[in-house]
Amino acid sequence: MMKSKYLSVLLLISFNLYFSQRLLTSWSQQNIENYTKEMYDEAQNLSSSQLLEKNLKDQYWSEVFLTLNASVNNYTKDIDYQKSLAQQITNTSETKLKGTSRLIIWDRISSGDILFEGKGLVFENDLFLVAGRANQILQSLTRKNFGFVTINSSKKELEDLKGKWLDYLNNKFVEEYKPIDLGNSKIPEISSLSAFKALIISVQPNSKKDQLTKSCLKKIYKLDEMPKEKGSSAMYCNPDTYTYSYLAMLIDDEKFDETKNADWWMKFWNDNQNKLTWNSTKGYYEVKK
């Protein structure tokens, strides 16, 4: 399915856009579904109070993106807006976002709420939650990080996070969050344990993934099925082509091993998830003996 020298054929690009979000392989605003110039222009003209209300009600990933974008473009100096956003940090209302193509939130991939396409825009905050969206906007506005809102954040953790934001916005010193050090990682975006788990879940059989692959083959290559010959660029229509490469990197497999299929990876995770340790010198996971 893939060439053994996967590192030579898989070009990975990673850099900051707004704070606390990064690219994995490739992404552009053209990848956002249900997104138009008219929507963009309208969002740029919203008042801060309108954006606060919008953040509570956004249903599509495109709407979430526009709320974030308009906030960064227009309200970086508006402390009152930022304090109001901080008040939303304890709002755990959840929306099953629609139109999430190439949006990457690892826990939401594991939960089945997002289909992993092998590339996209990675967020640490859970944008399905009002609290996560508010925290993402605040981080992007201030370029400060006092912690992330995840699918597993407790009520107390959210109260503490809100307090940190309000203290910071009232000119008090607040120590910033220090992420776990994953030294020498080849691709930091895929190196957390939550990403590792999501990657393994994403290679399991999935009818939506099959449909995505077929659509890509038809649209780009005018093919009805995947070519039999190895090395065809059409293989990148299947997200698993990327995912198996990522998984191999995480345990330092230098060559693609066809015996390590979806079942093998799920068993590996179930047997070893609590024994995995990051080797910061070598830049991959090892299983503690």
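Biologist: Lysine 260 pairs with aspartate 253 in a salt bridge, with 2.7 Å between the closest N and O atoms. What counts as a salt bridge here?

Modeller: Side chains of opposite charge can pair when their charged atoms come close. The cut-off here is a side-chain nitrogen of Lys or Arg within 4 Å of a carboxyl oxygen of Asp or Glu. Keep in mind that this is a predicted model, where local features need pLDDT of at least 70, side-chain atom pairs count only at pLDDT 80 or more, and totals for chains, interfaces and linings use all residues. Numbering runs from 1 along each chain as its sequence is written, and side-chain values use heavy atoms, leaving out hydrogens and water.

Biologist: Is lysine 260 buried or exposed?

Modeller: Lysine 260 counts as buried because its relative accessible area is 15%; buried means under 20%, exposed over 50%, and partly exposed in between (1.4 Å probe, protein chains only). Aspartate 253 is buried too, at 17%.

Biologist: How many salt bridges does the structure hold?

Modeller: There are 20. One of them joins arginine 102 to glutamate 117, at 3.8 Å from N to O. That pair links distant parts of the chain, 15 residues apart: arginine 102 sits in the loop between α5 (79–87) and β2 (103–104), and glutamate 117 in the loop between α6 (106–110) and β3 (120–123). Helices (H or I, at least four residues) and strands (E, at least two) are DSSP runs, numbered from the N terminus. Both arginine 102 and glutamate 117 are buried.

Biologist: Which helix holds both lysine 156 and aspartate 160?

Modeller: That's α8, where the two are four residues apart, about one turn of the helix. Lysine 156 is exposed because its relative accessibility is 58%, while aspartate 160, at 38%, is partly exposed.

Biologist: Which residues are linked in a network of salt bridges?

Modeller: Look at Glu94, Lys96, Arg108, Asp113 and Asp126.

Biologist: Where is asparagine 184 found?

Modeller: In the loop between α8 (155–169) and α9 (193–202). Asparagine 184 also has a positive phi, about 65°, although it is not a glycine. At 54% relative accessibility, asparagine 184 counts as exposed.
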